[in-house]
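Here's a walk through the fold, from the whole chain down to single residues. Keep the structure open beside you while you read.

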Amino acid sequence: MGSATTQARTATTEALTATPGVDLDVARELFAVVGAVSGSAQLSGALSDPTAPAAAREGLVTAVFGSTFREPTVSLLRRAAEQRWSNAAEFVDGLEELAVRAAAVADRSVDIEGELFQFSRTVSSNGELELALGGRMGDSSAKVSLVSTLLEGRASAATTLIVSSLVQQARGRRIRALLRRAEAIVADQRSSIVATVSAAAPLSAEQQTRLQNALRARYGAAVSLNTVIDPTVVGGLRVQIADDVIDASVSARLADLRQRIAG
């Protein structure tokens, strides 16, 4: 990712924070724009052309999308188009990130990170499902219908929108990678950290609260817990945050003891 794209992503994220009226309809419209722009090399190139004046790129946004979408959506698109992006592909990825962030902003009451994580676990444990959702040959509308069926009653409208949109517009990317990226984007938008907790049995609400408080004190940010039941974790917990692993399981302590004894 180029430095221009990094700065552009920061600017569009700040614009989202400052834009009133961002709801799921805005997020849905932004995802629709991603489909339109990614499907047209001419449009994506024109909107991300660094040699064109920013005002011209903003004017193109208004001309193409102004009569179709709501003002908050068009305003965010104009803000994205006026930035300098390293290339057209990263501009499209930036719009997709903006759409995911909008969904996170639209409904702060639900655990989107956790729902994305659980769906990712479902996909990773079922090869046929992963192929059905991520295969290049499948019909996109059928994939969206399958996602809706799988998530109905199990996930929020925001999560369903994110997953359906990513599956429909995978652009050759693996579905598990898309879900992990979306989870990280949502966590970043909410200024939280995602911790994957492996335990032999489900944690009680009190245990989750104590763990979240301890991790918050250590990392200086709110922590969202994704719990994986793993019978091989004998007592204690194994916590992973990005590349940082905290292994407080009995098996880990025994392994450490054996190493000490072996000298």
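Of the 263 residues in the protein chain, 42% count as buried. Keep in mind that this is a predicted model. The chain has 13 helices and four strands, and its C-alpha atoms fill a box of roughly 70 × 40 × 35 Å along the principal axes. If you take the contacts with a separation of 6 or more, 71% of them come from residues 24 or more positions apart.

**Helix α4 and what it packs on**

Let's start with α4, which runs over residues 54–65. Its twelve residues reach 16 Å from the first C-alpha to the last, close to the 16 Å expected at 1.5 Å a residue.

Which residues of α4 are buried? They are R57, V61 and F65. These residues cover an arc of only 50° around the axis, so they sit on the same side of α4. The general rule behind such a pattern is that an α-helix has 3.6 residues a turn, so residues three or four places apart point the same way. On the face turned away from the buried side you'll find the exposed residues A55 and A63.

What does the buried side of α4 pack against? Its buried residues pack against α2 (24–38), α3 (41–47) and α5 (71–81).

While you're looking at α5, check T73, which is in that helix. With 0% relative accessibility, T73 counts as buried, because the cut-off for buried is under 20%. Setting aside neighbours within four places in sequence, T73 is in contact with V26, E29 and L30.

**Aromatic pairs**

The count of aromatic pairs comes to two. In one of them, the ring centres of F65 and F69 are 5.9 Å apart and the planes are at 25°, so this pair is stacked; the cut-off for stacked is under 30 degrees. Both F65 and F69 are buried. W85 and F91 also form a pair, this one edge-to-face, with 5.6 Å centre to centre and 70° between the planes. For an angle to count as edge-to-face, it has to be over 60 degrees. W85 is buried at 3% relative accessibility, and F91 is buried at 1%.

**A cavity and a pocket**

How many cavities of 30 Å³ or more are there? The count comes to one. The largest cavity has a volume of about 30 Å³, and its lining is made up of V33, L47, V61, F65, L77, F91 and L95.

The largest pocket is another place to look. About 390 Å³ of space lies in the largest pocket. It is lined by 16 residues, and F117, R180, E183, V194 and T196 are the ones nearest its centre. Two or more lining residues come from each of α7 (112–124), α11 (175–189), β1 (192–199) and β3 (238–241). Which element gives the most to the lining? That would be α11, with five residues.

**Two loop residues with positive phi**

R171 is found in the loop between α10 (157–168) and α11, and S191 is in the loop between α11 and β1. R171 has a positive phi although it is not a glycine, and S191 likewise has a positive phi without being a glycine. Here are the values for both:

| Residue | Phi | Relative accessibility |
|---|---|---|
| R171 | about 50° | 34%, partly exposed |
| S191 | about 55° | 57%, exposed |

Key. Residues numbered from 1 in each chain as written. Predicted model: local features only at pLDDT ≥ 70, side-chain atom pairs only at ≥ 80, totals over all residues. Heavy atoms only, no water. Phe/Tyr/Trp six-rings, centres within 6.5 Å; stacked < 30°, edge-to-face > 60°. Buried < 20%, exposed > 50% of the residue type's maximum accessible area, 1.4 Å probe, protein only. Expected span 1.5 Å × (residues − 1). Arc of directions from axis to C-beta. Contact = heavy atoms within 4.5 Å. 1 Å grid on protein atoms, 1.4 Å probe; cavity = no way out; pocket = protein on both sides within 12 Å on 5 of 7 lines; lining within 4 Å. Points joined across faces, edges and corners; volume = space filled by probe spheres on them.
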